[in-house]
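Q: Please go through the terms used for this structure and say what each one rests on.

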Amino acid sequence: MKEKKLFFVIGFFLVFSINSYSMHIMEGFLPPLWSGIWSMLCIPFLFLGFRGIKKKIEDDSKIKMLIAMAGAFAFVLSSLKIPSVTGSCSHPTGVGLAAILFGPTITSILGLIVLLFQAILLAHGGLTTLGANVFSMGIVGPIVSYLIYKSFSKSEKSKGLAVFLAAALGDLATYMVTSLQLAIAFPDPTGGMLASLQKFLSVFALTQIPLAISEGLLTLIVFNILVKYNKDTLNSLEI
């Protein structure tokens, strides 16, 4: 019963994402130098993430299903896109839930898998820009989500607010980093990097803020379902 409810929520958003558009930083868009730099920055986090997943599974083999569910949740939400301004698009990230459950390093592995599958199967993002996309959506966003959740979830009463803020602000942090990545690679000819950053941030602001709020609410719904039907597992994760 619990699996049916979770997959119904995820499946609903998958159905309504069919006629959407791509986002992430697309294939070949970044200069090779910056593609390499962002990829190198991801390596330590991915190394720790692989070790973390291995340890979690060794401690409790049942945790594999929850990890897979968190990955599927991120895949579906980050495939849901709506048109933004100037021909671009925005989308949720879905990694906040995984960051809350497993921490940012394990979430980096889920982000890598999600972005790799989207690049290969859906032509969303790209292989040359995989490092940059993983760094923004799979590393920085989850770190922000994790820190916010830990800061606000001091009591049971504040846990719901903590989940909402973690997912919403983690989403916004992802797009701030993506904007920064683009601004560094493509500084404005007259105003430099800061002027370029302002332009990229303004492109996504109109659509990303309501999307972040929606992601926070949806993540809270899924989290409450997990609490209701998987309380023992969440207690073992110290959630």
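Q: What makes Ile-113, Leu-116, Phe-117, Ile-120, Leu-121, Leu-122 and Leu-127 a patch on the surface?
A: Together they form a nonpolar patch with about 650 Å² of accessible area. Patch residues have over 30% relative accessible area and no salt bridge, and nonpolar side chains (Val, Leu, Ile, Met, Phe, Trp, Tyr) are joined within 5 Å. A salt bridge is a side-chain nitrogen of Lys or Arg within 4 Å of a carboxyl oxygen of Asp or Glu. Areas come from the Shrake-Rupley method with a 1.4 Å probe. This is a predicted model, in which local features need pLDDT of at least 70, side-chain atom pairs count only at pLDDT 80 or more, and totals for chains, interfaces and linings use all residues. Residues are numbered from 1 along each chain as its sequence is written, and side-chain values use heavy atoms, with hydrogens and water left out.

Q: Why is Leu-121 called exposed?
A: Exposed means over 50% relative accessible area, buried under 20%, and partly exposed in between (1.4 Å probe, protein chains only). Leu-121 has 59% relative accessibility, so it counts as exposed. Leu-121 lies in helix α5, residues 104-122.

Q: Why is Thr-93 called buried?
A: The relative accessible area of Thr-93 is 0%, so Thr-93 is buried. Thr-93 sits in the loop between β2 (89-90) and α4 (96-102). Beyond four places in sequence, Thr-93 touches residues including Met-137, Asp-171 and Glu-215; contact means heavy atoms within 4.5 Å.

Q: Why does Ser-145 count as buried?
A: Ser-145 has a relative accessible area of 1%, and is therefore buried. Ser-145 belongs to helix α6, residues 130-152. The Ser-145 side chain reaches the backbone oxygen of Ala-166 at 2.7 Å.

Technical notes
Helices (H or I, at least four residues) and strands (E, at least two) are DSSP runs, numbered from the N terminus. Patches are made of residues with over 30% relative accessible area and no salt bridge: like charges are joined within 9 Å, nonpolar side chains (Val, Leu, Ile, Met, Phe, Trp, Tyr) within 5 Å. A polar contact is a pair of N or O atoms within 3.5 Å; within protein, one must be able to donate a hydrogen and the other to accept it, and residues adjacent in sequence count only if both atoms are side-chain atoms.
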